[in-house]
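Welcome to this tour! Open your viewer, get ready to select residues, and follow along from stop to stop.

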Amino acid sequence: MKCPNCGNELKDGYLICELCGEEIQMVPDFEPEIENSITETLSTLVAMQEGEDVDTAADEDADGAYIEEEAKNDELAEGARRPWVVMGLVAIFAVTLFSYVLYAYHVQTVEYQIDKAKEYAAEESYAEAIACLEAAYASHSDVAELLFLEADYYYLLQDNESALTQLMKIIEDGGFSREDVEEAYDKVITIYANQGQYAQINELLRSCTDEQIVNMFQSYLAMEPEFSYVEGTYAEVIPLKLSSNTSGTIYYTMDGSTPDTNSLIYTAPLFLETGEYTIRAFFVNDYGIESEIVSKQYIINLAAPNAPEVELYSGEYTEPTMISVESTPGCQIYYTTDESEPTADSVPYTGPIPMPLGKTLFKFVNISEEGVSSEVTMRTYTLTLKGAISTQQAVSNLVDQLVESGYLEDAAGHNKRLSGTLSYQFSSVLRIGGEEDYFTIYEYYDDGTGILSRTDKVFLVQIYTGQAARLGYDEEGNFMAVSL
């Protein structure tokens, strides 16, 4: 078949000329049953006409007088038959025309074109199948099945762009059912995913206004991280949490700089203490798609607790003295004796501290439950004990008496029940019972690795006599010296 516009030879099944784009208005072939019916009708008319001619010739061969009279009668009869013949022809023509119109309407229906398209597709003639669907879609653009089938056939032809175009018509039209739209999204996302085009999936879902559809495919979506606190000013430490819509990684900065994949990775709440913070973060999902960067500002204004109140003033002391600090509700006291600044990682104050021998600088700090530190309180103490034995002598006396009691096998610190060795170190000076002063000495265990572990035993050595004892407690919880 040739194009009526340019004469180009058309391929079978094509309704649009590939050369000039002219739409072909095809007059469909009759079905065999209709064609046979018309043929039989025309044959009948021809036979009827031939029968009239034969009868007329026979009458002309009859005798003269008879012929004349018969002719008059035939003329009358023919005049009576002629209207019926005409009516018959009209009826046959009407039936034929109706059959043609009915058939022409039939081949233009969606069902017919879909069936023909499926027949072509079964033969892998996808281009012809698409032509059938295009012809039907021109007058039935509200039938989703046409677009789905066309997308499928384009996909089988490995023409993904054309397949996506047909599916996007369903998504963007607004007149198709929700089920059709969901299926269209599913097919579009499948095509993108098969090609590794995850950025296009993210863009598609971000433009979707149907929350349920977005939730169906949110694993492909990279939404901005959500912050557990709205930005603003707070009078407390806040544990700021960052969350994402699906699995992936959140990167952030706390100084207002632009985050990237080399920035800090969020793994736990960010505790914001006193100060100003600009938190910027973005999310990267498992497909490598990055979200937009979101930024929040926080100002934390916390009242700092009062500095610790130490009851004992700085000075020189000649007898053992306990150092007490008044506690503050809602705070924990920490201290150092090595001149470093105290923090929450320093030694916690749990009760009165024995004053060390010699000169010692104490630094105390209050830290609130919110993590806010007070100013540091400093005290310097110098303890000198006249007439007392040295701390080295006290340790030596203790070891000798532990060997005598059988607790140690020798001065090297061996014990029958232990594979390693025991050693002893001076700690502080302690007054017990309000009268006697002792050196406190801690016991340490070495399992052979050279690492010392403190045991639960604390020994005492009288600072003047050198007599050793073990530190114990009476019924009221007060310190007491227990004989070895």
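How many bridges join β11 to strand β18, and do the two run parallel or antiparallel? Select residues 377–383 for β18: 3 bridges join this strand to β11, and the two run parallel. Two strands count as paired if DSSP finds at least two bridges between them.

Before moving on, a word about what you are looking at. This is a predicted model, in which local features need pLDDT of at least 70 and side-chain atom pairs count only at pLDDT 80 or more, while totals for chains, interfaces and linings use all residues. Residues are numbered from 1 along each chain as its sequence is written, and side-chain values use heavy atoms, leaving out hydrogens and water.

**Stop 1**

Now click on G315, which stands opposite Y381 in β18. Both strands belong to an open sheet of 5 strands, ordered β11-β18-β17-β14-β15, with mixed pairing. Colour 315–317 and 347–348 to see the edge strands, β11 and β15, each of which pairs on one side only.

Next, select 331–336, which is strand β14, and find C331 in it. Leaving aside residues up to four places away in sequence, C331 touches P305, N366, I367 and S368 (contact means heavy atoms within 4.5 Å).

**Stop 2: a pair of helices**

Select 144–156 for helix α5 and 160–173 for helix α6. Their axes come within 7 Å and cross at roughly 165°. That makes α5 roughly antiparallel to α6, the term used for angles over 145 degrees. Axes are lines fitted to C-alpha atoms, for helices over the stretch in contact, with angles from 0 to 180 degrees between N-to-C directions.

Show side chains to see who makes the contact: L147, F148 and Y154 are among the residues from α5, and A163, L167 and I170 are among those from α6. By class, this contact has 9 nonpolar, 3 polar and 2 charged residues. Here Ala, Val, Leu, Ile, Met, Phe, Trp, Tyr, Cys and Pro count as nonpolar, Asp, Glu, Lys and Arg as charged, and the others, Gly among them, as polar.

**Stop 3: the antiparallel sheet**

Move on to another open sheet of 5 strands, β19-β20-β21-β22-β23, where the pairing is antiparallel. β19 (421–432) and β23 (479–482) stand at the edges with a single partner strand each, so one side of each has no neighbour in the sheet. On average, neighbouring strands are turned by 40° against each other, direction ignored.

Walk through the strands in order:

- β19 and β20 are joined by 11 bridges, and F426 stands opposite I441 in β20. In their hairpin, which has 3 residues between the strands, G433 has a positive phi of about 70°.
- β20 and β21 are joined by 8 bridges. Their hairpin has 5 residues between the strands, and G448 takes a positive phi near 110°.
- β22 (468–473) and β23 are joined by 4 bridges; Y473 has F479 as its bridge partner.

Is β20 enclosed or open? 9 of its 11 residues are buried (under 20% relative accessible area, with a 1.4 Å probe and protein chains only), so β20 is largely enclosed by the rest of the structure.

Finally, select 391–404: this is helix α10, which lies across β19, β20, β21 and β22, running at about 120° to β19.

Conventions:
Buried means under 20% relative accessible area, exposed over 50%, partly exposed in between (1.4 Å probe, protein chains only). Angles under 35 degrees count as roughly parallel, over 145 as roughly antiparallel, 65 to 115 as roughly perpendicular and the rest as oblique.
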